[in-house]
Amino acid sequence: MYYKIAPMSAHDLLEVVEIEETSGLSRWGWDSYNAELERGDSIMFVARRDPPDGEGKYLLGFVAARVGAEEMHVNNIGVRVSLRQRGVGGELLRRALAAAESLGAREAFLEVRAGNVAAQALYGAHGFEIAGRRRNYYQDPAEDALVMRKRLAPRA
Ligand SMILES: CC(C)(COP(=O)(O)OP(=O)(O)OC[C@H]1O[C@@H](n2cnc3c(N)ncnc32)[C@H](O)[C@@H]1OP(=O)(O)O)[C@@H](O)C(=O)NCCC(=O)NCCS
């Protein structure tokens with residue numbers, strides 16, 4: 001499966017939102033991703049193929065994170081349902097962590113639904129450990145969040 005990890009651009013946003021809407025993620029929508037892209041402290045990558053697939057789709061998945069005060073926060077990561085468990089999510093996460101390290105981040109944090117076994121396994125495979133639990137952090141449906149944390153090796 002040929003694809004490249006590349007910085008997200010405004011041209012990607014329609015497909016990013018489509019993947020978000022079909023992945024059970026908290027809804028950000030086009031405007032929020034666009035605003036996030038324009039910030040200086042965001043880390044946003046897509047897994048993109050070119051030429052597109054038979055349905056004209058370029059994106060396999062995306063990741064959205066932010067760095068501030070030497071901390072990285074992973075906000076969203078999603079891969080098209082039909083393309084999961086082939087390493088795409090792992091590649092996206094690896095690139096985002098490396099970008100955060102080169103911006104000087106010392107730790108990475110994220111929240112994940114307590115029942116989201118696939119995402120927890122992905123994060124665990126990349127060195128994240130459970131650091132706490134936030135009760136009823138999510139709505140629709142209500143669910144606790146697990147807070148996961150990973151120590152980084154800053155290069156800035
Ligand atoms: C979480 C998600 C991004 C993973 O993407 P992916 O491309 O399938 O992940 P990868 O193929 O790179 O998997 C990497 C590792 O994660 C773990 N993993 C991924 N999916 C898994 C699953 N369904 N069950 C168990 N482990 C899983 C495995 O350890 C895997 O390593 P392995 O393939 O060597 O065993 C994808 O399942 C997704 O889009 N889910 C919906 C959105 C979501 O929940 N995002 C996280 C919000 S916090």
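Biologist: What is a salt bridge?
Modeller: Side chains of opposite charge can pair when their charged atoms come close. The rule asks for a side-chain nitrogen of Lys or Arg and a carboxyl oxygen of Asp or Glu. The cut-off between them is within 4 Å.

Biologist: How many salt bridges does the count come to?
Modeller: This is a predicted model, where local features need pLDDT of at least 70 and side-chain atom pairs count only at pLDDT 80 or more, while totals for chains, interfaces and linings use all residues. Residues are numbered from 1 along each chain as its sequence is written, and side-chain values use heavy atoms, without hydrogens and water. By the salt-bridge rule, the count is 15.

Biologist: Which residue meets Arg133 in a salt bridge?
Modeller: Arg133 sits in strand β6 (residues 129-138), and its partner lies 11 residues apart in strand β7 (residues 143-151). Strands (E, at least two residues) and helices (H or I, at least four) are DSSP runs, numbered from the N terminus. The N to O distance is 2.7 Å, and the partner is Asp144.

Biologist: Is Asp144 buried or exposed?
Modeller: Buried means under 20% relative accessible area, exposed over 50%, and partly exposed in between (1.4 Å probe, protein chains only). Arg133, at 45%, is partly exposed. Asp144 has 12% relative accessibility, so it counts as buried.

Biologist: Which residue pairs with Arg80?
Modeller: Arg80 lies in the loop between β4 (71-79) and α3 (88-102). Its partner is in helix α1 (residues 13-21), 65 residues apart. At 2.7 Å, N to O, the partner is Glu15.

Biologist: Which residues form one network with Arg80?
Modeller: Salt bridges here share partners. Joined with Arg80 are Glu15, Glu18 and Lys57.
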